Structure formats: C-alpha cells, structure tokens
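Hi,

Here is the structure I promised to pass on to you. Have a look at it first, and then read my notes below with the model open beside you.

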Amino acid sequence: MRHFDLRNGSSLADEIKRRGIDILGEIPFPLTQDRFDFASSCLSLYEKHYPEIILEIQSLARGLKVDEKILFTLFLSMYAIVPSAHCSCIAMCDDENVFLGRNSDFFINMKETNSHFIYDGYYGNSTAFLELEDGRNKAGLAAGFTSVFPHNPKPGLNSGLILRLLLEKTDSVKSAISLLESIPIASSQTYMMADKSGHIAYVECSSEHMEKVEYSSGRHCLVSTNRFILPGMQSYFIKVDDDWNAALRHESISAALSKPASWNIAAIKASLISASSYNPDTCHDTVWSVIEDLKAGEGWLCEGNPARGDFHSVKL
C-alpha cells in the first residue's frame with residue numbers, strides 16, 4: 001500500500017510524478033463513450049455541491065499534463081458504473097465503546113496500487129486516487145462504504161467522492177446523514193458511520209431512495225456488505241451472482257460479534273477475519289482492513305488480509 005501525506009496542501013500530482021506512477025495505466029476499466037457522457041452529466045452537480053473536488057481534479061490534470069476530461073470521466077463515473085469494490089463494514093456501540101471496522105476486498109493484482117492518504121483534518125484509504133472508501137476525521141467521525149450493484153444510475157455524486165465530502169464537511173453522524181440527504185447521488189451503496197459521541201448509523205442509498213438505521217445509546221451492532229437488506233430498499237436492489245459471497249460475509253461477521261460478552265479491538269479483529277477467508281488462489285482477497293476506536297480517537301490499519309497481517313496505528 002502506498003502512503004501519501006498531503007497535509008499542508010502538498011500536491012498529489014507532485015507525489016505521483018516523484019514516485020513515477022502512471023495514473024492512466026492503473027485504470028481498471030475502459031473509458032467508454034458512455035462513461036464520458038455520464039461524467040459530463042454529473043459535472044455541474046459537483047460544481048454545485050463539491051466544487052473543491054473539481055478544482056482538485058483540474059489541478060491534478062495540469063500537474064500530470066493529462067486531459068482533464070479523461071480524469072473527470074475516470075473519477076466521476078467510478079462506482080456509478082460497474083465494476084466496483086466488494087467490502088464488509090461494521091459499527092458497534094455500547095455504554096463504553098464505539099467502533100467502526102471495515103475490510104476492503106478487491107483484486108489481488110491491483111493491491112500494490114491501494115493507497116493510504118492523510119489530508120488536513122482527516123485520513124482515509126482507497127483503491128483509486130482522489131476517491132476514499134473509509135476514513136476518520138479529527139472531529140471524531142469515521143465512515144466506510146460498501147458498493148452495491150447500481151440499479152438506475154443518475155447524474156450525481158458517487159460513493160468514493162461522497163465519503164471524502166463527509167469527512168471534509170461534517171463532524172458527526174447526524175451532520176453526515178443531513179449532508180447525504182441534501183445531495184444528488186449517482187451510485188448505489190451502503191454507508192456505515194460512527195462518531196465519538198457514541199452515535200452509529202447504517203445508510204442504504206441509491207440514485208432513487210435512501211433508508212437508514214441509527215443508534216445513540218445502548219448496545220448495538222450494524223453490519224453491511226454488498227447488498228441492501230433494509231425492507232424499503234429491496235425494490236432498488238439488483239442481486240448478482242458474483243458478489244463475492246456478500247450474504248455469507250454478513251452472516252460470518254454477525255455470528256462472530258454475537259459471541260463476546262464485551263466488544264474490544266480483539267473482538268472486532270476476529271469479526272473482520274471471519275469475513276476475509278478468500279482462497280489465495282483466486283483473483284481477489286481482502287487487501288486492507290481498518291479498525292477505528294472513536295472514544296479513544298485511535299485507528300489501526302492492516303495493509304493486507306487481517307488473517308495474515310498485523311494492524312499498525314494510524315494517526316492524523
């Protein structure tokens with residue numbers, strides 16, 4: 001996993017050039033005319049709701065001497081048009097603790113391109129430049145998403161850029177949900193959120209509808225994989241055969257978390273390991289795993305499958 005420290009306004013373009021990375025050579029899907037057209041239809045909505053990311057993409061294009069239309073197509077169409085990542089996410093709270101954990105499951109041949117980013121005020125992890133899939137900010141909000149096969153993509157913001165927006169602009173689960181409810185969404189996904197106050201939430205959303213479950217007291221656990229499970233979202237869910245055992249991963253995590261009398265880092269790690277049992281001979285695996293302890297303001301990252309690797313502390 002590559003590490004980028006972009007605090008204090010450091011340039012991503014400069015870091016990419018310094019490392020000799022061919023960003024266009026890492027695109028895992030063809031940039032078809034459909035993608036160009038879809039990204040173009042989203043552009044004005046990003047300019048309205050997230051103008052900072054448009055300026056960032058333009059700056060990256062200038063720095064790399066790449067046509068900005070190519071980068072807009074890459075980043076604005078991602079997650080709204082398949083393929084997508086396959087992941088698992090959990091949030092837990094009781095009277096003393098609040099945790100968020102996430103496995104990122106992706107293609108093994110691309111694991112060296114996965115990156116950990118530190119920005120001013122937040123950090124996160126990604127399979128793609130600029131997009132984030134999980135992270136935590138200094139205000140004590142942590143969030144992660146899992147992709148769901150898109151039902152009816154419409155012009156709007158996509159999963160990975162929305163997650164960045166949440167970490168940049170909100171400081172609690174309550175404010176993150178409020179922001180989600182105010183923006184047009186292009187892709188289908190779940191968001192898991194937790195904050196230092198002990199508030200946790202699970203949101204299922206698509207371009208057409210949103211449902212959520214929230215808890216702010218008591219002992220609760222929320223689990224998500226690459227499917228919608230809330231009754232109000234079933235008409236927006238397309239079941240696919242190749243979902244990397246999303247139902248089994250959900251069941252494995254839920255069963256693992258039902259065993260310990262109290263939740264702690266070890267219990268969360270065990271639950272994440274239970275959902276990462278991929279055959280190493282296949283083309284996919286858990287490529288990183290994170291645990292966020294919101295009460296303590298601490299985070300841990302395993303750069304690989306948590307069953308075979310160690311977690312190390314990550315700091316803002």
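Let's begin with helix α5, which covers residues 159-169 in this predicted model. Of its 11 residues, 9 are buried, so the helix is largely enclosed by the rest of the structure. The buried ones are Ser159, Gly160, Leu161, Ile162, Leu163, Arg164, Leu165, Leu166 and Leu167. Look also at the start of α5, where a side-chain oxygen of Asn158 comes to within 3.3 Å of the backbone nitrogen of Gly160.

Ser159 leads us to another part of the chain. Its side chain makes a polar contact, at 2.5 Å, with the side chain of Gln189. Gln189 sits in strand β8, residues 188-195. Is Gln189 buried or exposed? Its relative accessibility is 0%, and a residue counts as buried when that value is under 20%, so Gln189 is buried. Leaving aside residues up to four places away in sequence, Gln189 touches Phe145, Thr146, Ser147, Val148, Ser159, Val203, Glu204, Cys205 and Phe228.

Glu52 belongs to helix α3 and, with a relative accessibility of 35%, counts as partly exposed.

The largest nonpolar core contains 59 residues. Which residues have the most contacts inside it? They are Leu12, Tyr46, Leu60, Phe75, Phe129, Tyr191 and Met193. To follow one of them, select Leu12: it touches Phe4, Leu6, Leu60, Phe117, Phe129 and Leu130, again not counting residues up to four places away in sequence.

Finally, a point about backbone angles. Most residues other than glycine have a negative phi. Lys65 is not a glycine, but its phi is positive, about 55 degrees. You will find Lys65 in the loop between α3 (51-64) and α4 (68-77), and its relative accessibility of 76% means that it counts as exposed. Asn245 is not a glycine either, and it has a positive phi of about 60 degrees. That residue is in the loop between β11 (220-224) and α7 (246-257). Where does Asn245 fall in terms of accessibility? At 48% it counts as partly exposed.

Happy exploring, and write back with any questions!

Best wishes

How values were computed: Residues numbered from 1 in each chain as written. Predicted model: local features only at pLDDT ≥ 70, side-chain atom pairs only at ≥ 80, totals over all residues. Heavy atoms only, no water. Buried < 20%, exposed > 50% of the residue type's maximum accessible area, 1.4 Å probe, protein only. Helix = DSSP H or I, 4+ residues; strand = E, 2+ residues; numbered from the N terminus. Polar contact = N/O pair within 3.5 Å; in protein donor to acceptor, adjacent residues only side chain to side chain. Contact = heavy atoms within 4.5 Å. Core = buried A, V, L, I, M, F, W, Y, C linked by side-chain atoms within 4.5 Å.
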